[in-house]
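Biologist: Please put the model up. I would like to go through its rings, pockets and packing, one question at a time.

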Amino acid sequence: MSAYSIELWQPLGGALAAVQTAKDRVYTQSVDEGSTLSFTLNGDSPEAKHIREMFTDVVLYREGAKVFRGRIIQATQSGDSEGCSVKVSAVDYKSLLRRKFITTGGYNIGDLEALAWYFISTVEARYTNAKLGITRGGNQSTGISGRSDFQAGSSVKDCIDTLATVGTSAGAGEAFEWDIDPELVFRIYRPTRGRRTPTFTADFGGSVVSYDQTFDPNSYANRFFIQGAGTYSADLKTDDLVRPYAGGAFEEYVSDSNLTSPYVVDQRAFW
């Protein structure tokens, strides 16, 4: 069993306290939506006094290596005759970029990575003492030129997600994946993060302690209508719709004015 530990940190600074009383710890990684960490601690513990929503950071270590840094967004206190506790929820810095917005529209800044970094650096430059402290990883050019007519008021995360899934000649969704790592460095992974290991087996009772499997019907569709800017549109059907007894068409309609050419509309439909 791997050893995990948690520390509370000051934004743009170092550790404030080690969390000794944490229980019910849940760490979730997500390539697209960002990672989360939650835990409960004793409300009377010394570390509890450092908990401050939207300000205090949490750092998670696995075997001494930093695997997560995020911001506490919620701390729910409860108490009864037996004592008090605090339920803490934190999101990573990628998720924090949902609360950063561009204020002008229309950008044409060469490589997709350069454009993505421009969005981050622009909002970081607005503040001196309230910036997130994100830095840029090196040698990350995608080799794909980017232009986008993003509208003022779009979140930085949404803008970068759109750039990442515009696609290439090899197919949509293969431009890059991205994150803000635990050292607060903006990194892209071209075309995807990680690697495929066909021979790996998730051994229940061995490498896997427990698991759940479910199907979400809300995320399923086999026909897609995509409406971009102006008259640009696409209609895409998956292979199963041309088979006998397909089981029915389940449709999805997406409208996105940031899709400003037939090519990017087609690629978004494919993705």
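**Rings, pockets and packing**

Modeller: Trp117, Trp178 and Phe186 form a cluster linked by ring pairs. Keep in mind that this is a predicted model.

Biologist: Which residue lies over the face of Trp178, and at what distance from the ring centre?
Modeller: Trp178 belongs to the cluster with Trp117 and Phe186. A charged side chain counts as over a ring if its NZ or CZ is within 6 Å of the centre and within 35 degrees of the normal. Over the face of Trp178, the residue is Lys94, at 4.5 Å.

Biologist: How are the rings of Tyr220 and Phe250 arranged?
Modeller: The structure has six aromatic pairs. In the pair of Tyr220 and Phe250, the ring centres are 5.8 Å apart. Planes over 60 degrees apart count as edge-to-face. The planes here are at 65°, so the pair is edge-to-face.

Biologist: How many residues apart are Tyr220 and Phe250?
Modeller: Tyr220 is in the loop between strand 12 (185–189) and strand 13 (223–227). Phe250 is in the loop between strand 14 (233–237) and strand 15 (251–255). The pair links distant parts of the chain, 30 residues apart.

Biologist: What does Tyr220 count as, by relative accessibility?
Modeller: Buried means under 20% and exposed means over 50%. Tyr220 has 35% relative accessibility.

Biologist: Which elements give two or more residues to the lining of the largest pocket?
Modeller: The largest pocket has a volume of about 460 Å³. It is lined by 20 residues, and the closest to its centre are Met54, Arg71, Lys100, Ala130 and Leu132. By class, eleven are nonpolar, three polar and six charged. The elements asked for are strand 6 (65–80) and helix 1 (93–96).

Biologist: How many charged residues are in the lining of the second largest pocket?
Modeller: This pocket holds about 370 Å³ of space. Of its 19 lining residues, Tyr27, Gln29, Ser35, Asp179 and Arg193 are the closest to the centre. Strand 6 and strand 11 (177–180) each give two or more residues. The lining has eight nonpolar residues, four polar and, for the class asked about, seven charged.

Biologist: Is Ser35 buried or exposed?
Modeller: Ser35 sits in the loop between strand 3 (23–28) and strand 4 (36–42). Its contacts include Tyr27, Phe68, Ala90 and Asp92. Relative accessibility is 10% for Ser35, and the cut-off is 20%, so Ser35 counts as buried.

Biologist: What do the buried residues of helix 3 pack against?
Modeller: Helix 3 (residues 156–164) is mostly covered, with seven of its nine residues buried. Among them are Val156, Cys159, Ile160 and Leu163. Their packing partners are helix 1, helix 2 (112–124), strand 11 and helix 4 (262–270).

Biologist: What share of the residues in the chain is buried?
Modeller: The chain has four helices and 15 strands. Its C-alpha trace spans about 60 × 50 × 35 Å along the principal axes. Of the 271 residues, the buried share is 38%.

Note on methods. Residues are numbered from 1 along each chain as its sequence is written. This is a predicted model: local features need pLDDT of at least 70, side-chain atom pairs count only at pLDDT 80 or more; totals for chains, interfaces and linings use all residues. Side-chain values use heavy atoms; hydrogens and water are left out. Rings of Phe, Tyr and Trp (its six-membered ring) pair if their centres lie within 6.5 Å; planes under 30 degrees apart count as stacked, over 60 as edge-to-face and the rest as tilted. Buried means under 20% relative accessible area, exposed over 50%, partly exposed in between (1.4 Å probe, protein chains only). On a 1 Å grid over the protein atoms alone, a cavity is a set of points where a 1.4 Å probe fits but cannot get out, and a pocket is an open set with protein on both sides within 12 Å along at least five of seven lines; lining residues have an atom within 4 Å of a point. Grid points are joined across faces, edges and corners, and a volume is the space filled by probe spheres set on the points. Ala, Val, Leu, Ile, Met, Phe, Trp, Tyr, Cys and Pro count as nonpolar, Asp, Glu, Lys and Arg as charged, and the others, Gly among them, as polar. Contact means heavy atoms within 4.5 Å. Lists of a residue's contacts leave out its neighbours within four places in sequence.
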